[in-house]
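Please keep the sequence and the 3D view at hand while reading.

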Amino acid sequence: GQLCSLQFQLTQHANEGYLLLCQDITQLEKLQTTQRDFVANVSHEIRTPLTVLIGFLETMRDLPHEALTKEQRKQYEELMHEQAQRMLAIVADLLTLSTLESTEIVEGTQVQLAPIIDKAAVQAQSISRESHEFEFDVDPDLAVVGQMNELSSAVTNLLTNAVRYTPEGGKITIRWSANEHGEAVFSVTDTGLGIEKKDIPRITERFYRVDKSRSRASGGTGLGLAITKHIVIRHNAKLVVDSEINKGSTFRIVFPEEIVVQEKKGDHKRDD
Ligand code: ADP
């Protein structure tokens with residue numbers, strides 16, 4: 001079994017005796033540990049690119065101007081730019097996470113996913129020099145009630161990951177349709193690296209990465225799925241992951257029937 005932490009507090013009440021309070025602080029301690037780990041992780045993630053950046057800056061400052069060729073100088077500048085971009089991406093994702101955690105869920109509007117998917121696919125393709133085959137099976141009349149910006153981030157995160165963790169020539173299949181229970185399902189299937197069973201429960205943790213170097217090299221902050229999970233929960237939806245190592249993965253967002261809007265094609269054009 002698991003040990004639990006108890007806190008006792010004894011107080012004297014004006015001549016009437018003593019009051020002994022006993023409190024289970026197991027959850028509180030867990031929360032404090034998670035918080036401490038998070039701060040340590042953030043510091044580490046930001047310090048790494050900053051150290052590299054400072055290293056390049058110092059080299060350029062200390063070398064006589066003519067010691068570097070024009071090409072070398074340009075190469076250094078590009079590497080420094082990359083590190084600065086990485087820090088910016090981390091900070092932007094941290095802000096997104098904190099906004100998601102601290103804001104109330106407001107009433108949504110009807111959001112068509114099809115145009116969001118189109119935009120996200122273009123954006124995802126642009127992050128990689130490798131090319132992938134894309135297949136779409138998207139219902140243009142299917143919508144959900146929710147937050148457009150959040151849904152757009154969730155879709156973009158899943159598509160970007162599919163591109164990031166699928167080698168050159170792999171295939172990415174995107175589906176958006178209602179299932180037999182009336183739920184709306186968005187899914188991204190890739191033929192990429194896949195994820196081991198033991199890692200699947202952890203991939204939505206902040207900064208958890210199966211392969212740190214691949215994630216960093218492709219511009220990952222390690223926060224994408226943590227953000228996605230938050231957004232999914234805010235829409236009362238479920239995030240389902242199926243994956244097989246070296247075969248590929250499917251990430252699904254299943255939206256509950258209550259928020260699904262299915263426009264019947266041509267409904268509004270009928271004149272009876
Ligand atoms: P990152 O910025 O590292 O991609 P995420 O939170 O988006 O962070 O994902 C966490 C980790 O989950 C990734 O580092 C990667 O190891 C794994 N992962 C996410 N999506 C996929 C995928 N489609 N295929 C294989 N592994 C994935």
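The second largest pocket holds about 350 Å³ of space. A pocket here is an open set of points on a 1 Å grid over the protein atoms alone, where a 1.4 Å probe fits and protein lies on both sides within 12 Å along at least five of seven lines; lining residues have an atom within 4 Å of a point. Grid points are joined across faces, edges and corners, and the volume is the space filled by probe spheres set on the points. The model is predicted: local features need pLDDT of at least 70 and side-chain atom pairs pLDDT 80 or more, while totals for chains, interfaces and linings use all residues. Residues are numbered from 1 along each chain as its sequence is written, and side-chain values use heavy atoms, with hydrogens and water left out.

The lining of this second largest pocket consists of 14 residues, and Asp37, Phe38, Asn41, Glu205 and Arg206 are those nearest its centre. Helix α1 (residues 26-62) contributes the most to the lining, with eight residues; helices are DSSP runs of H or I, at least four residues, numbered from the N terminus. By class, the lining has four nonpolar, four polar and six charged residues. Charged covers Asp, Glu, Lys and Arg; nonpolar covers Ala, Val, Leu, Ile, Met, Phe, Trp, Tyr, Cys and Pro; the others, Gly among them, are polar.

Glu205 also takes part in a salt bridge, with Arg202, at 2.9 Å between the closest N and O atoms. The term means a side-chain nitrogen of Lys or Arg within 4 Å of a carboxyl oxygen of Asp or Glu. Glu205 is partly exposed at 34% relative accessibility, and Arg202 is partly exposed at 38%. The cut-offs are under 20% relative accessible area for buried and over 50% for exposed, with partly exposed in between (1.4 Å probe, protein chains only).

The whole structure has 11 salt bridges. Among them, Asp199 pairs with Lys198 at 3.5 Å, N to O; Asp199 is buried at 6%, whereas Lys198 is exposed at 59%. A network of salt bridges links Glu45, Arg209 and Arg216.

What is the nearest side chain of opposite charge to Arg86, which is buried yet has no salt bridge? It is Glu45, 4.8 Å away; Lys and Arg count as positive, Asp and Glu as negative, and His and the chain ends are not counted. Arg86 lies in helix α2 (residues 70-102). Beyond its neighbours within four places in sequence, Arg86 contacts Glu45, Thr48, Pro49 and Arg216, contact being heavy atoms within 4.5 Å.

Terms used. Helix = DSSP H or I, 4+ residues; strand = E, 2+ residues; numbered from the N terminus.
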